[in-house]
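Let's take a friendly walk through some side-chain contacts. Have the model open beside you as you read.

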Amino acid sequence: MSSPGSGMLSGFTKLCKGLAVILIGGHVVVQLLPTSVTYLALIPARTIPFGWNLITAGYIEQSVHGVVVSTLGLLFMGKLLEPIWGSKEFLKFIFIVNFLTSVCVFITAIALYYLTMQEKYLYMPLSGFHGVLAGFLVGIKQIVPDQELYLLKIKVKWLPSLMLLLSIAISFFTPESATYLPTLIFGTYIGWIYLRYLQRKPESKLRGDPSEDFAFSTFFPEFLRPIIDPTASIFHRMLCGKSEASSNPQGYTLGGAPLLGSDPIEASRRRERGARALEERLAAEKLAAGRDSEEPHIDGNDRV
């Protein structure tokens with residue numbers, strides 16, 4: 001007989017389960033062999049020649065609460081994202097966001113050292129999956145932006161912004177904020193950059209999501225967007241060489257030629273598919289929970 005709540009705890013993909021084993025295994029390794037942190041975590045002063053820690057650091061959780069949060073976040077968010085993106089794209093997203101976030105954190109640590117001349121920025125071991133989790137929140141924002149959370153009564157599209165706002169607020173009261181805040185910020189930004197400009201859509205041979213609903217300014221409140229949009233558009237043209245052509249149904253252009261990933265209709269369809277997939281998953285879980293609640297009643301009748 002299925003236990004109550006089994007619907008919510010089922011449906012995790014094999015890939016997510018495998019990655020969860022890696023996270024738990026990495027935590028066990030650093031607990032049993034504390035010296036392994038030197039080789040697996042990101043220690044800016046030792047990244048050269050230990051360059052592999054730009055990859056391994058993201059899968060090493062040094063604390064119990066860290067591995068619990070990361071494992072649960074991976075399983076539940078992956079349960080929504082992987083069926084929509086596909087296993088290959090899901091794994092590619094994790095690798096790219098993890099690696100580029102580590103590179104940005106490494107550069108930030110070096111910059112902080114030269115600005116403050118404090119050696120702690122060079123030798124603090126930085127690690128954790130929270131940068132990828134921040135990227136996952138951006139992915140969920142893209143797919144089901146208007147889905148409302150049952151308990152908090154807020155829309156999903158605000159989760160990345162609220163997570164960063166809360167993390168920044170906490171950083172004023174915690175001395176170890178440098179170990180997690182840059183990772184969260186860069187994880188969110190790299191996740192958005194990848195989904196906005198780089199993610200390939202096999203069904204349409206397009207890249208990215210140019211829709212206005214996924215613009216950089218959507219991470220900020222409405223009253224700040226008139227300030228954010230002009231600044232974001234400058235960096236958009238500088239970094240990507242793209243310009244918006246609202247009169248062109250193809251979207252972005254470069255030298256008069258439409259760019260890959262410039263189909264807002266495709267972005268809208270992707271969000272519809274995401275919302276539909278979420279609704280189907282929630283319906284399945286409710287159905288499973290209903291069966292679980294009926295089984296004890298049926299068993300009781302059989303005994304009578």
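Arg225 and Glu222 are joined by a salt bridge, with their closest N and O atoms 3.1 Å apart; the term stands for a side-chain nitrogen of Lys or Arg within 4 Å of a carboxyl oxygen of Asp or Glu. This is a predicted model, in which local features need pLDDT of at least 70 and side-chain atom pairs count only at pLDDT 80 or more, while totals for chains, interfaces and linings use all residues. Residues are numbered from 1 along each chain as its sequence is written, and side-chain values use heavy atoms, leaving out hydrogens and water.

The structure has two salt bridges, and the other pairing to look at joins Asp146 and Lys155 (4.0 Å, N to O). The table shows how accessible the partners are, where buried means under 20% relative accessible area, exposed over 50%, and partly exposed in between (1.4 Å probe, protein chains only).

| Residue | Relative accessible area | Class |
|---|---|---|
| Arg225 | 16% | buried |
| Glu222 | 59% | exposed |
| Asp146 | 52% | exposed |
| Lys155 | 36% | partly exposed |

Now for the rings. There are 18 aromatic pairs, counted when ring centres of Phe, Tyr or Trp (its six-membered ring) lie within 6.5 Å; planes under 30 degrees apart are stacked, over 60 edge-to-face, and the rest tilted. Trp192 and Tyr197 are edge-to-face, because their centres are 5.8 Å apart and their planes stand at 80°. Trp192 is buried at 5%, and Tyr197 is buried at 10%. Ring pairs also connect a cluster of Tyr59, Trp85, Phe90, Phe93, Phe129, Phe136 and Tyr194.
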